[in-house]
Amino acid sequence: MPAAAIALALLAPAVPAAPAEAAGGGYSATIRRTEYGIPHITAKDYGGLGFGYGYAFAQDNLCTLASWVVTLRGERSRYFGPEAESDDPAKPVANLASDVYYKSVAGSGVVRRLLARPAPVGPSAELRRLVDGYVAGYNRYLEDTGVANLPDPRCRGKAWVGPITATDMWANLLDLSRMSSSSSLKEAITGMAGPEKPRPMPAAGSNAWALGREATRGGGGMVLADPHFPWQGIRRFYQIQLTIPGVLDVAGGSLYGTPVVQIGHNAKVAWTHTVTHAQHFTVYRLALAGGHGYTVDGRVEPMGEQEVEVTLPDGTVSRHTLLTSRYGPVLAVGQSDEAAYALADANAANLRAADEWLAMARAGSLDELRAAQRTYQGMPFVHTLATDVSGTAYFADTSVVPHVTDAQAERCAKPSPVPGLDAYVLDGSTSACLWGRDSDAVVPGIFGPGKQPTLIRADYVANSNNTYWMTNPAKPLTGYPKAYGKTGTDVQPRPRVSLDMIAQRLSGADGLGAPGFTLETLQATVHGKRNLTFELMRDDLLKMCRAHPELSHEGCRTLEKWDGRATLDGEGAILWREFFMRLGRPVKAGDPPYSPWRVSFDPARPLTTPRGLKDDPAVRQALADAVGFFRSNGIPLTLTPGQAQSYASIPIPGCTEGEGCFDRVRTGGPLGTDGRYPEVNTGSSFMMAVELTPAGPRTRTVLTYSLSADPASPHHTDQTALFSRGGWVTERFTAAEIAADPHLETVTVHERH
């Protein structure tokens, strides 16, 4: 059997599942809530910990998970109609396409086969207990409250709300692993593409710094976590602390519907993640042999057929047939009489991520965290940046990457079936193009830890979704398989401003005092709201304004007065954005995007190029068009971020990815004629600045969209208002810190017998 198929088949002998709870009684947990409603869950075992977490989460966000469970079960068409849009926050599709996809995942039996495997391929006993407890806690809250009495009006009394199962939780964990691969290709897999809609998709984002002892004033490690995940739906973070005395004590951000902390810290270790540029799937071109057959090494193999049924609102059933291959599902796009294409997803059977995060949470040192990553090898699509109390900084792309060597990628390359498919397309007609295997890989078909880009430093490592090569400019990383991303490429404005922020703090050139990071200067650095493209182009822009009197003097004066910071009151920030966005447009239809840079990118000078602004007709026209839009709609040229962008009616500072803003925001569409953008839907989400000291961690956090998606909750926008004004929450980690909170509320929950 080929390596790719082995990774998906998982046909090892079954082993009994771990018991749901240790002997000695039912689930029990204590939930202590500090200011902003942040829950701290304590229990004597993993089952109880999951029970408390599930109960607390349901109190705050039951409707969001209940809706997502309908999605995972492939039942959205039944309750919401087949043509309505799904609740996938990353890439929504029509409900029918969503249902067909998720029914096919459930019908494949992949979760059942994984649960029959021992760890590390299957879940550990501890994770199984966490999941079972979480389900019981969620269901207990629902039973206590009743569907008709739920506080959240979005799902109160709805027929689609009901108890969840462990299968739902495992399906969610699997779907998280597939988020950047199969689950982002639902329409291509099902052949059910809906009408094109003018809706920008949330881009993968995040900033992460791990600061070592040479970069910090105190000599210990520090981490900045700034993931840029969606502000709506199941991919939001929930802030929590999980404690089993003497076993586990971790605090941080946990994605909805998962029982583990993805980004966080314990007393000695802190870590965070950013989305990688690595390949996480490949596409195989199948040489068709008539009917539903294709050839491999000259022999014909039949495609498999999977029948999927979706129930519609009137009770009728919509039937669909999906084709499969040895590589994975056969795509419904790009097919011809000679060829079809199949998706091989390295995360198709990955439940290892949750166990990896759980093991990282228990790590007492950076070495133990790295050992956890080598054991499980489950990070689906993210880099890891971490440090410990010793002040050692660590970066690695430990994500799950198909084992395709550079030579194999070149030798096996085939044209893409559709424009823009960001993946290797390989020849599926020969076994010479199958994924390889490493002896240190936990499953066949992926690169093992020995091939992963890694850097360990005493000063710092940083990533803002750039490729791994500029993790630290003093030690560029090269020589790794191209499947992990390209080197020598344009670093892009946001990673450049990130690296410059660090450099200025280490030299003391940022005006924040003596060189080196403290917790306080880390907070101040992060909230600087610098706009790098303005900084790089400002002088040339003003020269152009002076050289061409026909340009808007008012527009030029507004930009000359602006300080280049996307603060709430930044007069000129929105005018710059609208001008800069127009700069990249093709000069005429069919042309490539226009480059406004006066000095082009030079791989030998990645931190100082590109720079400057051309003075040519395209640039002058872009400025005139931007000013004209403001004037024709009666919008003041001094429009500020606080006036133009908001979330739940709360003004939000910041600017966009392309402008070179560190803690960037993205809105749901272009600037309206009323001078407002649609609501912010992506950007900084769970921000965490943590300093690890011998006396314990010192941590500041802010959950930008707040703890609860329930509009009736007192914690629906309280941290959003804090974020708006640049504030942070002082984390309460120790028992004494928690007990000292004047807002403390404590409840003990038990399983009903």
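A crossing of two helices is called left-handed if the near helix is turned anticlockwise from the far one by less than a right angle, and right-handed if it is turned clockwise. The structure discussed here is a predicted model, in which local features need pLDDT of at least 70 and side-chain atom pairs count only at pLDDT 80 or more, while totals for chains, interfaces and linings use all residues. Residues are numbered from 1 along each chain as its sequence is written, and side-chain values use heavy atoms, with hydrogens and water left out.

Helices (H or I, at least four residues) and strands (E, at least two) are DSSP runs numbered from the N terminus. The crossing of α14 with α15 is left-handed. The axes of α14 (residues 532-547) and α15 (residues 553-561) come within 10 Å and cross at roughly 145 degrees. Such axes are lines fitted to C-alpha atoms, for helices over the stretch in contact, and angles run from 0 to 180 degrees between N-to-C directions.

Contact means heavy atoms within 4.5 Å. On the α14 side, F534, R538, L541, L542 and C545 meet C556, L559 and E560 of α15. This contact has six nonpolar, no polar and two charged residues. Here Ala, Val, Leu, Ile, Met, Phe, Trp, Tyr, Cys and Pro count as nonpolar, Asp, Glu, Lys and Arg as charged, and the others, Gly among them, as polar.

Two strands pair if DSSP finds at least two bridges between them. An open sheet of 10 strands with mixed pairing has the order β18-β16-β15-β8-β7-β6-β5-β2-β1-β29. Its edge strands, β18 (454-457) and β29 (745-750), each pair on one side only. On average, neighbouring strands of this sheet are turned by 20 degrees against each other, direction ignored.

Strands β6 (residues 248-255) and β7 (residues 263-265) run antiparallel and are joined by three bridges. Within this pair, G253 stands opposite I263 in β7. Helix α9 (residues 352-362) packs on the sheet and touches β6, β8 and β15 (382-388); the direction of α9 makes about 150 degrees with that of β8.

## Cavities

A cavity is a set of points, on a 1 Å grid over the protein atoms alone, where a 1.4 Å probe fits but cannot get out; lining residues have an atom within 4 Å of a point. Grid points are joined across faces, edges and corners, and a volume is the space filled by probe spheres set on the points. There are eight cavities of 30 Å³ or more, and the largest cavity holds about 140 Å³ of space.

The largest cavity is lined by 16 residues, with F229, L255, H273, F381 and V382 nearest its centre. Strands β3 (205-211), β4 (222-230) and β8 (269-275) each supply at least two residues of this lining, and β8 gives the most, with three residues. The lining divides into 11 nonpolar, five polar and no charged residues.

## Backbone exceptions

Most residues other than glycine have a negative phi, and most peptide bonds are trans. The peptide bond from A119 to P120 is cis, with omega near 10 degrees; P120 lies in the loop between α5 (110-115) and α6 (125-145). Another cis peptide bond joins T609 and P610, with omega about -5 degrees, and P610 is in the loop between β20 (597-599) and β21 (611-613). Q377, although not a glycine, has a positive phi of about 50 degrees and is found in the loop between α10 (366-376) and β15.

Methods. On a 1 Å grid over the protein atoms alone, a cavity is a set of points where a 1.4 Å probe fits but cannot get out, and a pocket is an open set with protein on both sides within 12 Å along at least five of seven lines; lining residues have an atom within 4 Å of a point.
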